Amino acid sequence: MKKILIANRGEIAVRVMRACRDMGIRTAAVYSECDRAALHVRFADEAWPVGPSAPRESYLRIDAIVDAARKAGADAVHPGYGFLAENEDFAAACRHAGLTFIGPTAEAITLMGSKTGARRVAMAAGVPVVPGTETALGDEVSDAAIALMADRIGYPIMVKAVAGGGGKGMRVVASAEGLSGAIRAARSEAAAAFGDSAIYLERRLLKPRHIEVQLLADEHGTVLACVERECSIQRRHQKVIEETPSPVVSPALRARLTAAAVAVATAAR
């Protein structure tokens with residue numbers, strides 16, 4: 001790679017540009033009208049406008065980003081985080097334009113973007129999962145049918161949106177009496193936030209730890225696990241503080257966690 005377009009702004013764009021500069025790779029920035037004089041624009045080797053100030057008309061415009069990459073003569077596109085970073089259509093558009101997308105394949109993003117799909121991948125890879133449902137429960141699935149599933153899983157349970165994240169479309173249910181209300185609330189919130197009202201069920205773990213494992217992978221099938229991140233301090237199911245390494249993960253547990261993460265990533269490729 002000789003030139004990378006960073007399809008983002010702010011701190012993450014500057015961090016990617018610094019890494020590229022250290023590697024001798026030229027960078028191209030994109031900017032909306034209000035970001036014309038932003039740091040990431042001035043830090044890059046070149047910069048290209050992609051639209052008006054509103055992100056939906058600029059940083060979220062797949063066609064504008066791909067067109068900017070073509071004009072810049074970029075070899076690859078780095079999405080940063082947020083905006084189009086987890087958008088399978090963007091990854092596919094980059095591939096179709098002959099650009100290397102620095103991130104997962106469109107197929108992997110689609111698969112892992114569904115929580116039920118991700119559960120199935122983990123199970124196929126032999127990785128243990130929390131008891132729950134493996135298929136999406138759309139609006140056509142009745143509350144009565146879901147109640148039977150909940151009884152089999154056992155209370156307390158979580159009613160969770162299949163799509164999206166950030167704690168949206170998630171409800172805790174302590175007993176059967178609260179299930180129908182939780183289903184309606186979770187579906188409504190999921191539809192508003194992600195355009196998808198599908199839900200699934202998962203056993204509620206009491207006093208769990210939220211541990212994430214970061215991965216690096218290349219197009220040749222190599223997958224490397226980095227040190228885990230402790231993300232258990234949350235508010236409304238959203239992370240407040242992340243710490244690495246986790247103060248409660250032993251070397252033996254770390255080995256098991258990272259091995260499981262690599263297995264899932266390998267299965268999702």
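## Parallel sheet

Two strands count as paired when DSSP finds at least two bridges between them. The model described here is predicted. Within it, I6 stands opposite A29 in β2. Strand β1, residues 3-6, and strand β2, residues 26-32, are paired in the parallel sense over 4 bridges.

These two strands belong to an open sheet of 5 strands with parallel pairing, ordered β3-β2-β1-β4-β5. Its edge strands are β3 (46-51) and β5 (100-101), each of which pairs on one side only.

## Helices on the parallel sheet

Helix α1, residues 10-23, packs on this sheet and touches β1, β2 and β4 (76-78). The direction of α1 makes about 170 degrees with that of β1.

Helix α3, residues 62-72, lies across β1, β2, β3 and β4. Relative to β3, α3 runs at about 150 degrees.

## The α4 and α5 pair

Two packed helices are described by the angle between their axes and the distance between the axes. For helix α4 (residues 88-96) and helix α5 (residues 106-113), the angle is about 170 degrees and the axes are 8 Å apart. Angles over 145 degrees count as roughly antiparallel, and α4 is therefore roughly antiparallel to α5.

On the α4 side the contact is made by E88, A91, A92 and R95, which meet A106, E107, I109 and T110 in α5. Sorted by class, this contact has 4 nonpolar, 1 polar and 3 charged residues.

## Antiparallel sheet

Another open sheet has 3 strands in the order β7-β6-β8, with antiparallel pairing. β7 (170-173) and β8 (199-203) are at the edges; each has a single partner strand, so one side of each is left without a neighbour in the sheet. Direction ignored, neighbouring strands of this sheet are turned by 20 degrees against each other on average.

Strand β6, residues 157-161, pairs with β7 in the antiparallel sense over 4 bridges. In this pairing I157 stands opposite V173 in β7. Helix α7, residues 143-153, lies across β6 and β8 and runs at about 20 degrees to β8.

## Cysteines

A disulfide is a covalent bond between the sulfur atoms of two cysteines. The cut-off used here is a sulfur pair within 2.5 Å, and the count by this rule is 0 disulfides. For C226, the closest cysteine sulfur is that of C231, 14 Å away, which is too far for a bond. Seen from C231, the closest cysteine sulfur is in C226, again at 14 Å and too far for a bond.

C231, at 0% relative accessibility, counts as buried.

Notes:
Residues numbered from 1 in each chain as written. Predicted model: local features only at pLDDT ≥ 70, side-chain atom pairs only at ≥ 80, totals over all residues. Heavy atoms only, no water. Contact = heavy atoms within 4.5 Å. Axes fitted to C-alpha atoms, helices over the stretch in contact; angles between N-to-C directions. Parallel < 35°, antiparallel > 145°, perpendicular 65-115°, else oblique. Nonpolar A, V, L, I, M, F, W, Y, C, P; charged D, E, K, R; others polar. Buried < 20%, exposed > 50% of the residue type's maximum accessible area, 1.4 Å probe, protein only.
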